[in-house]
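Please keep the sequence and the structure in view while reading.

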Amino acid sequence: MKRQSRLPPLHAALVAGLGWLACGPARAQDATAPDIHELRIMQPEPPRSMDPADQLATDTSSVLGPMYEGLVSVDARRNIQPLLATSWTHDPQGITWDFVLRRNVRFHDGHAMTVDAVVRSFRRLLDDAAPLAGTSRFRTVIESVTATGDDMTVRFRLRRPYPDFLLLLSLSQAYVTSPSGRDMLSRQADGTGPFCFGEWKSSEYVTQYRNPDYWGTPPRIANVRWTWSAEPSVMDMSLHAGDSDIISSLPPLYARQTALDPRLVVHDDPNGPLYWIAINMDRPAGADPRIRQALGYATDRRALVHALLRDQGQAARSPLPPTSPYFIDCAPDPQYDLQRARALLAQAGVRDGMSFSLAVQDMDKPIAEALQDMWKKAGIHLEISRLEGGVYAAEAFASPARKQALRLDGVLASWASGLIPDMQLRPLFHGASAAPAGANLGFFHDPAVDRLIDEGALEMSDEKRRAIYTAVQQTIMKDAPAVLIYTCDTLIGMRAGLSGVVLRPDGALDITHVTQLPPMPPQHDGAAGPVHP
(Lines give C-alpha, C1' and ligand atoms only; values in the text may rest on other atoms or scores of the structure.)
Protein backbone atom coordinates (compact mmCIF):
# COMPACT_ATOMS: atom_id res chain seq x y z
CA MET A 1 0.00 0.00 0.00
CA LYS A 2 1.43 3.35 -0.99
CA ARG A 3 0.56 6.77 0.25
CA GLN A 4 0.88 10.01 -1.68
CA SER A 5 2.70 12.80 0.09
CA ARG A 6 0.97 16.10 0.67
CA LEU A 7 4.21 17.82 -0.33
CA PRO A 8 4.74 19.00 -3.94
CA PRO A 9 4.90 16.05 -6.38
CA LEU A 10 8.54 16.60 -7.41
CA HIS A 11 9.54 16.07 -3.79
CA ALA A 12 6.99 13.41 -2.84
CA ALA A 13 8.20 10.32 -1.02
CA LEU A 14 7.71 6.81 -2.28
CA VAL A 15 6.39 5.19 0.85
CA ALA A 16 6.34 1.43 1.10
CA GLY A 17 3.74 -0.29 3.26
CA LEU A 18 4.49 -1.12 6.89
CA GLY A 19 6.31 2.13 7.42
CA TRP A 20 9.62 1.45 5.66
CA LEU A 21 10.88 4.34 3.53
CA ALA A 22 13.85 4.16 1.19
CA CYS A 23 14.71 7.79 0.42
CA GLY A 24 16.05 8.32 -3.08
CA PRO A 25 16.07 5.98 -6.05
CA ALA A 26 16.49 2.31 -5.26
CA ARG A 27 19.62 0.95 -6.89
CA ALA A 28 22.45 -1.50 -6.38
CA GLN A 29 25.66 -0.41 -4.70
CA ASP A 30 27.46 1.83 -7.22
CA ALA A 31 31.17 1.16 -7.10
CA THR A 32 31.82 4.40 -8.97
CA ALA A 33 29.93 6.61 -6.51
CA PRO A 34 32.39 8.81 -4.66
CA ASP A 35 32.89 8.34 -0.96
CA ILE A 36 31.30 10.94 1.30
CA HIS A 37 34.02 12.34 3.54
CA GLU A 38 31.57 13.30 6.29
CA LEU A 39 27.81 12.79 6.48
CA ARG A 40 26.21 15.31 8.85
CA ILE A 41 22.84 14.51 10.44
CA MET A 42 20.80 16.68 12.81
CA GLN A 43 17.91 15.38 14.90
CA PRO A 44 15.65 16.80 17.65
CA GLU A 45 17.33 15.30 20.71
CA PRO A 46 20.70 13.90 21.82
CA PRO A 47 21.31 10.20 22.41
CA ARG A 48 20.52 9.01 25.91
CA SER A 49 23.16 6.29 26.01
CA MET A 50 25.66 4.46 23.82
CA ASP A 51 24.23 1.21 25.25
CA PRO A 52 21.50 -0.15 22.95
CA ALA A 53 19.92 -2.17 25.76
CA ASP A 54 19.59 0.87 28.02
CA GLN A 55 17.46 3.13 25.83
CA LEU A 56 13.99 3.31 24.28
CA ALA A 57 14.33 6.53 22.27
CA THR A 58 14.01 6.56 18.48
CA ASP A 59 16.68 9.23 18.02
CA THR A 60 19.08 7.26 20.19
CA SER A 61 18.44 4.15 18.09
CA SER A 62 19.29 6.19 14.97
CA VAL A 63 22.70 7.11 16.39
CA LEU A 64 23.45 3.58 17.59
CA GLY A 65 22.32 1.78 14.42
CA PRO A 66 25.51 2.35 12.38
CA MET A 67 27.68 0.94 15.17
CA TYR A 68 25.71 -2.17 16.15
CA GLU A 69 23.98 -5.16 14.59
CA GLY A 70 21.47 -7.73 15.73
CA LEU A 71 21.04 -11.37 14.84
CA VAL A 72 18.43 -10.45 12.22
CA SER A 73 17.01 -7.42 10.45
CA VAL A 74 13.69 -6.70 8.75
CA ASP A 75 13.26 -5.45 5.20
CA ALA A 76 10.66 -3.23 3.51
CA ARG A 77 8.20 -6.09 3.08
CA ARG A 78 8.43 -7.18 6.71
CA ASN A 79 10.62 -10.11 5.72
CA ILE A 80 13.23 -11.17 8.24
CA GLN A 81 16.76 -11.10 6.85
CA PRO A 82 19.92 -12.71 8.28
CA LEU A 83 22.50 -10.41 9.82
CA LEU A 84 24.79 -11.71 12.57
CA ALA A 85 22.87 -14.98 12.33
CA THR A 86 22.96 -16.71 8.94
CA SER A 87 20.11 -19.14 9.60
CA TRP A 88 17.72 -20.32 12.32
CA THR A 89 15.36 -23.16 13.16
CA HIS A 90 12.76 -23.78 15.86
CA ASP A 91 10.82 -26.68 17.30
CA PRO A 92 7.16 -27.31 16.32
CA GLN A 93 5.91 -25.45 19.39
CA GLY A 94 7.95 -22.34 18.62
CA ILE A 95 9.58 -22.48 22.07
CA THR A 96 13.20 -23.42 21.27
CA TRP A 97 15.06 -21.43 18.60
CA ASP A 98 18.59 -22.14 17.35
CA PHE A 99 20.56 -19.41 15.51
CA VAL A 100 23.71 -20.20 13.54
CA LEU A 101 26.12 -17.27 13.81
CA ARG A 102 28.07 -15.65 11.02
CA ARG A 103 31.76 -16.53 11.08
CA ASN A 104 34.72 -14.15 11.01
CA VAL A 105 32.92 -11.19 12.59
CA ARG A 106 34.72 -9.02 15.12
CA PHE A 107 33.64 -6.34 17.55
CA HIS A 108 35.25 -2.94 17.19
CA ASP A 109 37.55 -3.72 20.13
CA GLY A 110 39.01 -6.63 18.13
CA HIS A 111 37.33 -9.49 19.99
CA ALA A 112 35.63 -12.17 17.93
CA MET A 113 31.85 -12.44 17.91
CA THR A 114 31.38 -15.89 19.39
CA VAL A 115 28.56 -17.90 20.89
CA ASP A 116 29.78 -16.88 24.33
CA ALA A 117 29.71 -13.17 23.38
CA VAL A 118 26.13 -13.37 22.09
CA VAL A 119 24.97 -15.34 25.14
CA ARG A 120 26.53 -12.76 27.47
CA SER A 121 24.99 -9.89 25.53
CA PHE A 122 21.47 -11.30 25.90
CA ARG A 123 21.90 -12.49 29.48
CA ARG A 124 22.88 -8.96 30.38
CA LEU A 125 19.73 -7.68 28.68
CA LEU A 126 17.60 -10.14 30.67
CA ASP A 127 19.36 -9.75 34.03
CA ASP A 128 16.86 -8.83 36.79
CA ALA A 129 19.68 -7.62 39.02
CA ALA A 130 20.87 -5.02 36.51
CA PRO A 131 17.69 -3.72 34.86
CA LEU A 132 18.19 -1.77 31.66
CA ALA A 133 15.62 0.42 29.93
CA GLY A 134 15.05 -2.12 27.16
CA THR A 135 14.71 -5.23 29.27
CA SER A 136 10.95 -5.02 29.73
CA ARG A 137 10.49 -5.78 26.03
CA PHE A 138 12.38 -9.07 26.27
CA ARG A 139 12.10 -10.58 29.77
CA THR A 140 8.44 -11.48 29.32
CA VAL A 141 9.28 -13.38 26.12
CA ILE A 142 12.73 -14.96 26.54
CA GLU A 143 13.35 -17.44 29.32
CA SER A 144 17.00 -18.29 28.61
CA VAL A 145 19.84 -17.92 26.12
CA THR A 146 22.49 -20.64 26.05
CA ALA A 147 25.21 -22.28 23.96
CA THR A 148 24.31 -25.60 22.33
CA GLY A 149 27.75 -27.15 22.26
CA ASP A 150 28.15 -26.24 18.60
CA ASP A 151 30.74 -23.45 18.49
CA MET A 152 28.54 -21.23 16.28
CA THR A 153 24.96 -21.94 17.46
CA VAL A 154 23.03 -20.00 20.11
CA ARG A 155 19.81 -21.36 21.60
CA PHE A 156 16.88 -19.23 22.81
CA ARG A 157 14.18 -20.76 24.94
CA LEU A 158 10.97 -18.74 25.10
CA ARG A 159 8.54 -18.68 27.99
CA ARG A 160 5.75 -19.44 25.52
CA PRO A 161 5.24 -19.23 21.74
CA TYR A 162 5.64 -15.63 20.55
CA PRO A 163 4.60 -15.01 16.93
CA ASP A 164 6.66 -11.81 16.64
CA PHE A 165 9.88 -13.22 18.10
CA LEU A 166 12.03 -12.58 15.03
CA LEU A 167 10.68 -9.04 14.76
CA LEU A 168 11.54 -8.59 18.43
CA LEU A 169 15.14 -9.59 17.72
CA SER A 170 15.35 -6.93 15.00
CA LEU A 171 14.82 -4.11 17.54
CA SER A 172 17.77 -1.95 18.53
CA GLN A 173 17.66 -3.15 22.16
CA ALA A 174 18.64 -6.61 20.87
CA TYR A 175 21.86 -5.42 19.23
CA VAL A 176 24.80 -7.62 20.17
CA THR A 177 27.42 -5.88 22.33
CA SER A 178 31.01 -6.80 23.12
CA PRO A 179 31.38 -8.46 26.54
CA SER A 180 34.75 -6.77 27.09
CA GLY A 181 33.30 -3.27 26.80
CA ARG A 182 30.23 -3.84 28.95
CA ASP A 183 31.31 -1.50 31.76
CA MET A 184 31.83 1.40 29.34
CA LEU A 185 28.83 0.96 27.06
CA SER A 186 26.87 3.85 28.51
CA ARG A 187 29.45 6.26 27.07
CA GLN A 188 31.31 4.31 24.38
CA ALA A 189 29.68 2.03 21.81
CA ASP A 190 31.27 -1.32 20.99
CA GLY A 191 29.45 -3.39 18.38
CA THR A 192 30.07 -5.10 15.05
CA GLY A 193 28.51 -2.48 12.74
CA PRO A 194 29.96 -0.76 9.67
CA PHE A 195 30.89 2.31 11.74
CA CYS A 196 32.99 2.60 14.89
CA PHE A 197 32.46 4.97 17.77
CA GLY A 198 34.53 8.15 17.59
CA GLU A 199 33.59 10.70 20.23
CA TRP A 200 30.53 11.77 22.22
CA LYS A 201 30.60 15.35 23.39
CA SER A 202 27.38 15.30 25.35
CA SER A 203 26.04 18.76 24.59
CA GLU A 204 27.27 18.95 21.01
CA TYR A 205 27.86 15.89 18.83
CA VAL A 206 28.60 12.20 18.29
CA THR A 207 31.17 11.18 15.68
CA GLN A 208 31.64 7.82 13.98
CA TYR A 209 34.17 6.54 11.45
CA ARG A 210 34.09 3.74 8.93
CA ASN A 211 34.98 0.32 10.34
CA PRO A 212 38.06 -0.83 8.40
CA ASP A 213 37.46 -4.46 9.41
CA TYR A 214 33.74 -4.66 8.69
CA TRP A 215 32.65 -8.16 7.62
CA GLY A 216 30.11 -6.94 5.06
CA THR A 217 29.99 -4.43 2.20
CA PRO A 218 31.80 -1.31 3.42
CA PRO A 219 29.80 1.91 3.52
CA ARG A 220 30.55 4.72 1.08
CA ILE A 221 30.87 7.21 3.94
CA ALA A 222 34.18 7.88 5.69
CA ASN A 223 32.82 9.70 8.75
CA VAL A 224 29.45 10.48 10.33
CA ARG A 225 28.65 13.42 12.59
CA TRP A 226 25.39 13.57 14.57
CA THR A 227 24.17 16.84 16.10
CA TRP A 228 20.85 17.87 17.61
CA SER A 229 18.60 20.79 18.42
CA ALA A 230 15.13 21.06 19.94
CA GLU A 231 14.59 24.37 18.12
CA PRO A 232 12.80 23.93 14.77
CA SER A 233 14.32 27.11 13.34
CA VAL A 234 17.83 25.86 14.10
CA MET A 235 17.15 22.56 12.31
CA ASP A 236 15.72 24.37 9.29
CA MET A 237 18.62 26.83 9.13
CA SER A 238 21.18 24.02 9.43
CA LEU A 239 19.78 22.24 6.37
CA HIS A 240 19.37 25.35 4.20
CA ALA A 241 22.81 26.68 5.14
CA GLY A 242 24.46 23.38 4.24
CA ASP A 243 25.66 22.67 7.78
CA SER A 244 23.64 19.43 7.79
CA ASP A 245 23.10 16.93 4.98
CA ILE A 246 20.10 15.22 6.58
CA ILE A 247 17.51 16.45 9.07
CA SER A 248 15.71 13.64 10.86
CA SER A 249 12.18 14.61 11.97
CA LEU A 250 12.14 17.84 9.98
CA PRO A 251 9.71 20.23 11.71
CA PRO A 252 6.44 20.33 9.68
CA LEU A 253 6.49 24.13 9.89
CA TYR A 254 9.38 24.17 7.42
CA ALA A 255 8.57 21.15 5.28
CA ARG A 256 6.82 22.94 2.43
CA GLN A 257 9.41 25.65 1.92
CA THR A 258 12.16 23.02 2.13
CA ALA A 259 10.45 20.92 -0.52
CA LEU A 260 10.38 23.91 -2.86
CA ASP A 261 14.16 24.38 -2.61
CA PRO A 262 15.72 22.61 -5.64
CA ARG A 263 18.81 21.78 -3.60
CA LEU A 264 16.78 19.75 -1.10
CA VAL A 265 14.31 16.87 -0.91
CA VAL A 266 11.65 16.12 1.71
CA HIS A 267 10.38 12.59 2.30
CA ASP A 268 7.13 11.95 4.17
CA ASP A 269 6.50 8.64 5.95
CA PRO A 270 3.18 8.05 7.78
CA ASN A 271 4.60 5.53 10.27
CA GLY A 272 5.56 8.17 12.83
CA PRO A 273 5.23 8.18 16.61
CA LEU A 274 2.06 8.46 18.65
CA TYR A 275 1.93 11.48 20.97
CA TRP A 276 -0.04 11.03 24.15
CA ILE A 277 -0.46 12.31 27.69
CA ALA A 278 -0.16 9.59 30.30
CA ILE A 279 -2.53 10.58 33.12
CA ASN A 280 -1.26 9.81 36.61
CA MET A 281 -3.82 7.39 38.02
CA ASP A 282 -2.69 8.14 41.59
CA ARG A 283 -3.69 11.81 41.33
CA PRO A 284 -7.27 13.17 41.52
CA ALA A 285 -7.43 13.80 37.76
CA GLY A 286 -6.45 10.21 37.03
CA ALA A 287 -8.52 8.51 39.69
CA ASP A 288 -11.86 9.68 38.25
CA PRO A 289 -12.65 8.31 34.75
CA ARG A 290 -15.01 11.21 34.11
CA ILE A 291 -12.15 13.70 34.47
CA ARG A 292 -9.92 11.56 32.24
CA GLN A 293 -12.63 11.48 29.59
CA ALA A 294 -13.20 15.22 29.94
CA LEU A 295 -9.54 15.88 29.16
CA GLY A 296 -9.97 13.92 25.94
CA TYR A 297 -13.11 15.78 24.90
CA ALA A 298 -11.39 19.13 25.62
CA THR A 299 -8.63 18.27 23.10
CA ASP A 300 -9.17 19.42 19.52
CA ARG A 301 -6.90 16.92 17.79
CA ARG A 302 -7.72 18.00 14.25
CA ALA A 303 -6.77 21.56 15.07
CA LEU A 304 -3.48 20.36 16.54
CA VAL A 305 -2.68 18.29 13.44
CA HIS A 306 -3.45 21.27 11.21
CA ALA A 307 -1.63 23.93 13.25
CA LEU A 308 1.37 22.02 14.55
CA LEU A 309 1.88 19.34 11.91
CA ARG A 310 0.67 21.30 8.88
CA ASP A 311 -1.60 18.30 8.23
CA GLN A 312 1.40 15.93 8.11
CA GLY A 313 -0.22 13.49 10.54
CA GLN A 314 -3.53 12.13 11.83
CA ALA A 315 -5.67 12.69 14.91
CA ALA A 316 -5.28 9.70 17.23
CA ARG A 317 -8.34 7.47 17.22
CA SER A 318 -6.84 4.41 18.90
CA PRO A 319 -3.85 3.43 21.07
CA LEU A 320 -2.46 1.69 17.98
CA PRO A 321 -1.15 3.76 15.05
CA PRO A 322 -3.25 3.74 11.87
CA THR A 323 -0.42 1.97 10.00
CA SER A 324 -0.82 -1.10 12.24
CA PRO A 325 -2.66 -4.02 10.60
CA TYR A 326 -4.64 -4.36 13.85
CA PHE A 327 -5.76 -0.73 14.06
CA ILE A 328 -9.47 -0.02 14.47
CA ASP A 329 -11.11 3.38 14.75
CA CYS A 330 -12.77 3.33 18.15
CA ALA A 331 -12.73 7.03 19.06
CA PRO A 332 -15.88 8.93 20.06
CA ASP A 333 -17.37 11.10 17.36
CA PRO A 334 -16.95 13.97 17.74
CA GLN A 335 -13.68 13.67 19.62
CA TYR A 336 -13.70 17.37 20.45
CA ASP A 337 -16.78 18.34 22.45
CA LEU A 338 -16.39 21.17 24.95
CA GLN A 339 -19.96 20.86 26.17
CA ARG A 340 -19.44 17.18 26.92
CA ALA A 341 -16.11 17.95 28.65
CA ARG A 342 -17.75 20.52 30.93
CA ALA A 343 -20.62 18.16 31.71
CA LEU A 344 -18.25 15.34 32.69
CA LEU A 345 -16.26 17.67 34.92
CA ALA A 346 -19.46 18.82 36.61
CA GLN A 347 -20.49 15.20 37.19
CA ALA A 348 -17.09 14.64 38.82
CA GLY A 349 -17.71 17.60 41.15
CA VAL A 350 -15.37 19.97 39.30
CA ARG A 351 -17.52 23.08 38.97
CA ASP A 352 -15.03 25.89 39.57
CA GLY A 353 -12.24 24.65 37.33
CA MET A 354 -9.19 22.52 38.06
CA SER A 355 -5.43 22.51 37.58
CA PHE A 356 -3.42 19.86 35.77
CA SER A 357 0.39 19.77 35.97
CA LEU A 358 2.16 18.37 32.92
CA ALA A 359 5.81 17.46 32.34
CA VAL A 360 7.07 18.00 28.78
CA GLN A 361 10.47 17.97 27.15
CA ASP A 362 11.79 21.07 25.41
CA MET A 363 10.87 20.15 21.85
CA ASP A 364 7.24 19.33 22.76
CA LYS A 365 6.43 22.62 24.42
CA PRO A 366 4.35 23.88 21.43
CA ILE A 367 1.96 20.94 21.90
CA ALA A 368 1.56 21.71 25.58
CA GLU A 369 0.99 25.42 24.94
CA ALA A 370 -1.71 24.64 22.35
CA LEU A 371 -3.40 22.29 24.82
CA GLN A 372 -3.18 24.98 27.47
CA ASP A 373 -5.34 27.29 25.35
CA MET A 374 -7.80 24.50 24.49
CA TRP A 375 -8.26 23.16 27.98
CA LYS A 376 -8.77 26.64 29.40
CA LYS A 377 -12.10 26.76 27.54
CA ALA A 378 -13.26 23.76 29.58
CA GLY A 379 -12.10 25.28 32.87
CA ILE A 380 -8.86 23.28 33.07
CA HIS A 381 -5.72 25.24 33.94
CA LEU A 382 -2.73 23.44 32.44
CA GLU A 383 0.53 24.01 34.31
CA ILE A 384 3.47 23.22 32.03
CA SER A 385 6.80 22.03 33.38
CA ARG A 386 9.28 22.28 30.49
CA LEU A 387 12.29 20.05 31.12
CA GLU A 388 15.65 19.35 29.49
CA GLY A 389 16.02 15.81 28.14
CA GLY A 390 17.79 14.15 31.08
CA VAL A 391 15.61 15.78 33.73
CA TYR A 392 12.49 15.03 31.71
CA ALA A 393 13.39 11.33 31.43
CA ALA A 394 13.99 11.13 35.19
CA GLU A 395 10.57 12.66 35.96
CA ALA A 396 8.67 10.85 33.21
CA PHE A 397 9.90 7.45 34.41
CA ALA A 398 9.71 8.33 38.11
CA SER A 399 7.99 6.04 40.60
CA PRO A 400 4.44 6.69 41.87
CA ALA A 401 5.79 8.08 45.14
CA ARG A 402 8.15 10.44 43.35
CA LYS A 403 5.45 11.72 41.02
CA GLN A 404 3.15 12.22 43.95
CA ALA A 405 5.84 14.28 45.65
CA LEU A 406 6.23 16.31 42.45
CA ARG A 407 2.43 16.74 42.23
CA LEU A 408 2.73 15.59 38.63
CA ASP A 409 -0.64 14.89 37.00
CA GLY A 410 0.62 13.83 33.60
CA VAL A 411 3.49 13.35 31.17
CA LEU A 412 3.48 14.29 27.49
CA ALA A 413 5.44 11.68 25.55
CA SER A 414 5.75 10.00 22.16
CA TRP A 415 6.18 6.37 21.20
CA ALA A 416 7.01 4.50 17.98
CA SER A 417 6.38 0.77 18.10
CA GLY A 418 7.38 -0.39 14.65
CA LEU A 419 5.64 -3.53 13.42
CA ILE A 420 4.78 -5.30 16.68
CA PRO A 421 1.41 -4.36 18.27
CA ASP A 422 2.54 -5.86 21.57
CA MET A 423 5.41 -3.36 21.65
CA GLN A 424 2.90 -0.50 21.49
CA LEU A 425 0.33 -1.79 23.97
CA ARG A 426 2.44 -3.61 26.55
CA PRO A 427 4.95 -0.83 27.36
CA LEU A 428 2.28 1.88 27.53
CA PHE A 429 -0.74 0.16 29.09
CA HIS A 430 0.20 -3.14 30.78
CA GLY A 431 0.28 -3.02 34.56
CA ALA A 432 3.68 -4.75 34.69
CA SER A 433 5.13 -1.90 32.60
CA ALA A 434 4.36 0.80 35.17
CA ALA A 435 7.24 3.26 35.49
CA PRO A 436 10.07 3.02 36.26
CA ALA A 437 10.00 -0.54 34.82
CA GLY A 438 8.38 0.54 31.55
CA ALA A 439 6.66 3.35 29.69
CA ASN A 440 3.30 3.02 31.47
CA LEU A 441 3.98 6.50 32.82
CA GLY A 442 0.58 7.00 34.47
CA PHE A 443 0.49 3.63 36.31
CA PHE A 444 -2.66 2.43 34.55
CA HIS A 445 -3.64 -1.05 35.69
CA ASP A 446 -6.64 -2.99 34.44
CA PRO A 447 -6.47 -6.80 34.87
CA ALA A 448 -8.76 -7.27 31.86
CA VAL A 449 -6.45 -5.17 29.66
CA ASP A 450 -3.38 -7.00 30.98
CA ARG A 451 -4.97 -10.35 30.16
CA LEU A 452 -5.93 -9.25 26.65
CA ILE A 453 -2.44 -7.87 25.93
CA ASP A 454 -0.91 -11.14 27.13
CA GLU A 455 -3.29 -13.19 24.99
CA GLY A 456 -2.69 -11.06 21.89
CA ALA A 457 1.07 -11.44 22.16
CA LEU A 458 0.83 -15.24 22.18
CA GLU A 459 -2.04 -15.93 19.80
CA MET A 460 -0.89 -17.61 16.60
CA SER A 461 -4.19 -17.27 14.71
CA ASP A 462 -4.37 -13.90 12.98
CA GLU A 463 -8.19 -13.91 13.09
CA LYS A 464 -8.26 -14.50 16.85
CA ARG A 465 -5.43 -12.03 17.33
CA ARG A 466 -7.37 -9.35 15.49
CA ALA A 467 -10.39 -9.91 17.74
CA ILE A 468 -8.20 -9.65 20.86
CA TYR A 469 -6.55 -6.41 19.74
CA THR A 470 -9.96 -4.95 18.84
CA ALA A 471 -11.11 -5.60 22.41
CA VAL A 472 -7.89 -4.09 23.82
CA GLN A 473 -8.32 -0.89 21.84
CA GLN A 474 -11.98 -0.53 22.75
CA THR A 475 -11.33 -1.07 26.45
CA ILE A 476 -8.45 1.39 26.61
CA MET A 477 -10.45 4.05 24.78
CA LYS A 478 -13.33 3.58 27.23
CA ASP A 479 -11.09 3.69 30.32
CA ALA A 480 -9.22 6.77 28.96
CA PRO A 481 -5.96 6.32 30.92
CA ALA A 482 -4.32 8.71 28.48
CA VAL A 483 -5.12 11.63 26.22
CA LEU A 484 -4.20 10.23 22.81
CA ILE A 485 -3.29 13.25 20.69
CA TYR A 486 -2.01 12.38 17.23
CA THR A 487 0.37 10.33 15.16
CA CYS A 488 2.75 12.51 13.19
CA ASP A 489 4.38 11.68 9.90
CA THR A 490 8.15 11.38 9.96
CA LEU A 491 9.60 14.02 7.65
CA ILE A 492 13.18 13.64 6.44
CA GLY A 493 14.85 16.68 4.87
CA MET A 494 18.01 15.99 2.94
CA ARG A 495 20.42 17.25 0.34
CA ALA A 496 19.16 16.34 -3.13
CA GLY A 497 22.39 14.60 -4.15
CA LEU A 498 22.09 11.81 -1.57
CA SER A 499 20.62 8.36 -2.05
CA GLY A 500 20.03 5.36 0.19
CA VAL A 501 18.60 6.86 3.38
CA VAL A 502 16.23 4.39 5.03
CA LEU A 503 13.62 4.92 7.72
CA ARG A 504 13.32 1.70 9.72
CA PRO A 505 9.92 0.35 10.82
CA ASP A 506 10.68 1.44 14.40
CA GLY A 507 11.14 5.05 13.21
CA ALA A 508 14.92 5.08 13.50
CA LEU A 509 17.05 6.46 10.66
CA ASP A 510 19.45 4.10 8.87
CA ILE A 511 22.25 5.96 7.08
CA THR A 512 24.61 3.03 6.53
CA HIS A 513 23.72 2.69 2.82
CA VAL A 514 23.91 6.36 1.88
CA THR A 515 25.77 7.24 -1.29
CA GLN A 516 26.33 10.46 -3.18
CA LEU A 517 24.70 10.43 -6.57
CA PRO A 518 26.99 11.36 -9.47
CA PRO A 519 26.06 14.59 -11.26
CA MET A 520 23.43 14.16 -13.95
CA PRO A 521 24.99 14.43 -17.44
CA PRO A 522 23.64 17.17 -19.68
CA GLN A 523 20.72 16.05 -21.79
CA HIS A 524 20.69 16.74 -25.54
CA ASP A 525 17.88 16.87 -28.01
CA GLY A 526 19.28 15.98 -31.43
CA ALA A 527 19.69 19.13 -33.51
CA ALA A 528 18.23 21.42 -30.91
CA GLY A 529 21.31 21.40 -28.70
CA PRO A 530 21.35 21.01 -24.87
CA VAL A 531 18.08 21.00 -22.97
CA HIS A 532 18.26 22.87 -19.67
CA PRO A 533 15.98 22.05 -16.76
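## Elements and a loop residue

Helices, labelled H or I and at least four residues long, and strands, labelled E and at least two residues long, are DSSP runs numbered from the N terminus. In these terms, Ala316 is placed in the loop between strand E15 (313–315) and H10. The model discussed here is a predicted one.

Is Ala316 buried or exposed? Ala316 counts as buried, because its relative accessibility is 4% and the cut-off for buried is under 20%. Apart from neighbours within four places in sequence, Ala316 is in contact with Leu274, Arg301, Gln335, Leu484, Ile485 and Tyr486. Asp35, by comparison, stands 281 residues away from Ala316 along the chain, and the C-alpha atoms of these two residues are separated by 42 Å.

## Helices H8 and H10

Two packed helices are described by the angle between their axes and the distance between the axes. For helix H8 (residues 289–297) and helix H10 (residues 338–347), the axes come within 8 Å and cross at roughly 165°. H8 and H10 are therefore roughly antiparallel to each other, since angles over 145 degrees are counted in that way, and H8 passes H10 in a left-handed crossing.

On the side of H8, the residues that take part are Arg290, Ile291, Gln293, Ala294 and Tyr297, and in H10 they meet Leu338, Arg340, Ala341, Leu344, Leu345 and Gln347.

## Helices H15 and H16

Helix H15 (residues 447–458) packs with helix H16 (residues 462–479) at an angle of about 155°, and their axes are 9 Å apart. That angle makes H15 roughly antiparallel to H16, and the crossing of H15 and H16 is left-handed.

Which residues of H15 meet H16? They are Val449, Leu452, Ile453, Glu455, Gly456 and Ala457, which meet Arg465, Ile468, Tyr469, Ala471, Val472, Thr475, Ile476 and Asp479 in H16. The residues of the contact of H15 with H16 comprise nine nonpolar, two polar and three charged.

Asn211 lies in the loop that runs between strand E10 (205–210) and strand E11 (221–228). With a relative accessible area of 7%, Asn211 is buried.

Neighbours within four places in sequence aside, Asn211 is in contact with His108, Thr192, Gly193, Pro194, Phe195 and Cys196. As for Gly193, its backbone oxygen lies 3.0 Å from a polar atom of the Asn211 side chain.

Terms used. Residues are numbered from 1 along each chain as its sequence is written. This is a predicted model: local features need pLDDT of at least 70, side-chain atom pairs count only at pLDDT 80 or more; totals for chains, interfaces and linings use all residues. Side-chain values use heavy atoms; hydrogens and water are left out. Buried means under 20% relative accessible area, exposed over 50%, partly exposed in between (1.4 Å probe, protein chains only). A polar contact is a pair of N or O atoms within 3.5 Å; within protein, one must be able to donate a hydrogen and the other to accept it, and residues adjacent in sequence count only if both atoms are side-chain atoms. Contact means heavy atoms within 4.5 Å. Axes are lines fitted to C-alpha atoms, for helices over the stretch in contact, and angles run from 0 to 180 degrees between N-to-C directions. Angles under 35 degrees count as roughly parallel, over 145 as roughly antiparallel, 65 to 115 as roughly perpendicular and the rest as oblique. A crossing is left-handed if the near helix is turned anticlockwise from the far one by less than a right angle, and right-handed if clockwise. Ala, Val, Leu, Ile, Met, Phe, Trp, Tyr, Cys and Pro count as nonpolar, Asp, Glu, Lys and Arg as charged, and the others, Gly among them, as polar.
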